[in-house]
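Q: Can we go through the charged side chains in this one? Start with the terms, please.
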Amino acid sequence: MTGQEKKMKVLCLHGFRTSGGFLRKQISKWDPSIFQHFQLDYPDGIFLAGGKSDIEGVFPPPYYEWFQYNKEFTEYENLEECISYLCDYMMKNGPFDGLLGFSQGAVLAAVLAGYQAQGQVLKDHPPIKFLVSISGSMFRDPSICGIAYRDPIKVKSVHFIGEKDWLKLPSEDLASAFDNPLVLRHPQGHTVPRLDEGAVKQLSEWTESIFRSNLANDHASRPGSVESNTSSIEQGATQTNSIISVEDVSASA
């Protein structure tokens, strides 16, 4: 990447009752090549944790949550406020090219992409180009589902699904809401997995294709550019519906 080429910005949303700093630590387990062309932003949730955090003793407080929900995950509190906050954050600190989320953060990232595709939010923000979902799921409220997941979400997406994750099936349902998702499976539970050599290569190629496609589009939009020169790059960035395995060598959160 030359000095004139800007990095793509990614909004990274942490899990329930953790923090942006903890998600940064989780993602730091991944090979640096994966996000070498990207600038990752890790904001904290808007509410202080209302109860015990699963990472107490593992990572220092404070801990945050984005919104609250009941045990059946069918009723939500402060969700509209949360979505409004994130939209304002993206407008003030972006524009953002992509979204990354773990658990509750992945739920939010996906619904933001779905809502934007339906013209409900981020109307003055450029279209989200890609999503990285780790242990995500869909909302179960019909009023949300009928909008956010009404049509296949045409955003390039990769979904990490743990074999022992309590959100395994919901994560698979979320992946099915996207057009041609890339699904990466690992044998562990509700965690950000470490990636083996094969998975690093696959994911690095996926992010590289997104960066190259974005770069080609930027060049094509400049006066005097030749759009036909970008066809081979865009063709190489085409995403297929595929599944690969990820060997998680760490069970840590």
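A: Buried means under 20% relative accessible area, exposed means over 50%, and partly exposed is in between (1.4 Å probe, protein chains only). This is a predicted model, where local features need pLDDT of at least 70, side-chain atom pairs count only at pLDDT 80 or more, and totals for chains, interfaces and linings use all residues. Residues are numbered from 1 along each chain as its sequence is written, and side-chain values use heavy atoms, with hydrogens and water left out.

Q: Ok. How many salt bridges does the count come to?
A: The count is 7 salt bridges, each being a side-chain nitrogen of Lys or Arg within 4 Å of a carboxyl oxygen of Asp or Glu.

Q: What does Glu 205 form a salt bridge with?
A: Its partner is Lys 201, at 2.6 Å from N to O. Both are in helix 6 (residues 197–220), 4 residues apart, so about one helical turn separates them. Helices here are DSSP runs of H or I with at least four residues, strands are runs of E with at least two, and both are numbered from the N terminus.

Q: Is Glu 205 buried or partly exposed?
A: Glu 205 is partly exposed at 42% relative accessibility, while Lys 201 is exposed at 52%.

Q: Moving on, which residue pairs with Asp 97?
A: Lys 129, with the closest N and O atoms 2.9 Å apart. The two sit 32 residues apart, Asp 97 in the loop between helix 2 (79–93) and strand 7 (98–102), and Lys 129 in the loop between helix 3 (104–117) and strand 8 (130–134).

Q: And is Asp 97 buried or exposed?
A: Asp 97 counts as buried, at 13% relative accessibility. Lys 129 is partly exposed, at 31%.
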